[in-house]
Amino acid sequence: MKVLLVSANRLNAPYAVYPLGLDYVARAIEDRHEVRVIDLNTANTTALVAALNETPPDIVGISIRNIDNTDTLDPQGFTGQYRDLAALIRTHVTAPIVLGGSGFTIFPAELMALLEADYGIIGEGERLAALLDAIANGGDPANIPGVILPGGAAVIPRPLSDHLNRKVNGTPAVTGYYVRRGGMLNLQTKRGCPFRCIYCTYPHIEGRAMRPIAPAEVATTAMELQEAGARYLFITDSAFNADYGHSLAVAEAFLAAGLSIPWGAFFAPTHPPAGYYKRLAEAGLSHVEFGTEAMSNRVLQSYCKPFQVDDVRQAHAAAQAAGVHVAHYMLLGGPGETTETLAETLSNIDKLRHTVVFFFCGMRIYPHTALYRLAVENNMIAPEQDLLEPVFYRSDAIAEDRILQMVQDHAAGRVNWVFGAGGEETEKILTRLHKRGFVGPLWEFLIR
Ligand code: B12
Ligand code: SF4
């Protein structure tokens, strides 16, 4: 079959992100199908229409990553764009449309209806291979785990137990786009997160059991990306250090393979084994992004975070001693937040030296999370409420205005305290710096 895979993401904030998921989907079907990938960051809709008309595909896959920007201070939604994209495709070809992606996996039934799609794949898109077989051979797609049909129920499949294979998109026009804008390409070293933070969708998207990719294979991919021009790699794992042993083995494999470019990842600020960050730094780790969320034990417990304030301090100190750049992400105003807990968080953040802190206020309520169940219990949302339009959980003990005021007063103009992802202003600054040849996420320039 002729399969056209389209990455619908066009968001350039905080920076444009290489559509990694489609490398896996393409790899899973390319042996038996003719696959083309169009990344709407690098190709406009005119190029898409030309591709549809030149070689009409038998099936079109649309990758849906972002639903919205989850930023209460500068909210943006993207589902209208995706609906228009599906409508545009349909005016040019009669091929069935199949949806997938992390955003789709959170809201499959809603997006199937909105985009009037023919099929959807919840979770891992490698299952497209089985769907194509069923379509070609008259099998019943409904029997394939993860497949959702129009009007059908969203049943979450078991994560794949097969080996995860990726093939880096070798098209220079695609990789070149990202290489020219910050030099960042990305890679995955495992899937799954074993933790249970109440608001988080990652265990739903990737599963709870960690499925590691062999360190040598991760290193081979990293070298391929380096050869494709990458000057920085972002590891997209939910929490890179959720498996200390595996992440260390990946770092050793980078060293053995001779990777020479810097890299960064998300980390949980849990207490690290001795020498952990030092060894990672020797292997090229340059940026640590801690998902800290609060610096009050009461709130951390209420969010079910797998660490306490003291662990955050230890992790911060260890990363800093290793000479890497450190950022902390805060999620204020969730269950358990009060004026006192926020004051405690702010005063504890003060004690973290040489860092940048990104503040998000209000937790987006996602289906399949403990926060969702709590919000239903507290009558904040109705059961079965459509959450595609973002609804944010807000602690009834402290108003959003008060939170912002407290953070602003405490920040007193500090540039290393950033609200949300930084908005358009940050995007503009990053674009300018990337054009001048600076590589990576660049938040280190805000560190104070
Ligand atoms: C890493 C990451 C980031 C990094 C990316 C760094 C980089 N250079 O790659 C950073 C920190 C920059 C980031 C930023 C943002 N992110 Co983010 N990010 C993630 C994360 C953790 C992993 C994404 C990833 O690469 N996964 C690995 C690949 C292999 O998986 P995948 O893309 O999902 O693809 C698989 C399947 O989905 C499926 N699939 C994919 N496409 C298709 C297509 C078809 C046809 C099919 C059948 C299947 C299929 O098959 C693939 C292989 O199994 C996800 C959460 C998660 N665990 O998924 C959030 C996530 C995607 N991010 C999210 C958001 C909101 C954002 C931001 C908007 C936040 C902000 N305000 O700044 C920005 C947007 C950036 C941008 N320009 O798009 C949300 C999106 C949902 C939503 N609410 O909209 C997610 C889901 C997290 C969440 N809150 O639930 N992000
Ligand atoms: S550690 Fe991070 S990825 Fe895992 S559940 Fe908690 S917030 Fe989500």
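A: F359 stands opposite F419 in β17. The model is predicted, with local features requiring pLDDT of at least 70 and side-chain atom pairs pLDDT 80 or more, while totals for chains, interfaces and linings use all residues. Residues are numbered from 1 along each chain as its sequence is written, and chains are lettered from A and ligands numbered from 1 in the order written.

Strand β14, covering residues 356-361, is joined to β17 by 3 bridges in the parallel sense, pairing being defined as at least two DSSP bridges between strands. Strands here are DSSP E runs of at least two residues, and helices H or I runs of at least four, numbered from the N terminus. The two strands belong to an open, parallel sheet of 7 strands, whose order is β7-β10-β11-β12-β13-β14-β17. At its edges are β7 and β17 (417-419), each of which pairs on one side only, and the twist from one strand to the next averages 20°. Helix α9 (residues 215-227) lies across β7 and β10 (232-235), and runs at about 165° to β7; such angles, from 0 to 180 degrees, are taken between N-to-C directions of axes fitted to C-alpha atoms, for helices over the stretch in contact.

A second open sheet has 6 strands in the order β2-β1-β3-β4-β5-β6, with mixed pairing. Its edges are β2 (34-39) and β6 (147-148), and because each has a single partner strand, one side of each is left without a neighbour in the sheet. Within this sheet, β4 runs parallel to strand β5 (residues 119-121), the two being joined by 2 bridges, and V98 stands opposite Y119 in β5. Helix α6 (residues 128-137) lies across β3, β4, β5 and β6, at about 155° to β5.

The domain assignment, automatic or from a database, gives domain 1 (2-148) and domain 2 (182-446). The C-alpha centres of these two domains lie 27 Å apart, and their contact takes 21 residues from domain 1 and 27 residues from domain 2, where contact requires C-beta atoms, placed from the backbone, within 7 Å. On the side of domain 1 that touches domain 2, α4 gives the most, with 3 residues, and the classes there are 10 nonpolar, 7 polar and 4 charged. Nonpolar denotes Ala, Val, Leu, Ile, Met, Phe, Trp, Tyr, Cys and Pro, charged denotes Asp, Glu, Lys and Arg, and the others, including Gly, are polar.

Turning to the ligands, the shell around ligand 1 draws at least three residues from each of domain 1 and domain 2. Of the 44 residues around ligand 1, those that come nearest are G21, G61, S63, G100 and G125, a residue being included if its C-beta atom, placed from the backbone, lies within 6 Å. The elements α1 (20-29), β3 (59-63), β4 (97-100), α4 (102-106), β7 (184-187) and α8 (202-206) each supply at least two residues of this shell, and α1 gives the most, with 5 residues. By class, the shell around ligand 1 comprises 19 nonpolar, 19 polar and 6 charged residues. Around ligand 2 are C193, F195, C197, C200, Y202, P203, S238, A239, A268 and G291, and here the division is 8 nonpolar, 2 polar and no charged residues.

Terms used
Two residues are in contact if their C-beta atoms, placed from the backbone, lie within 7 Å.
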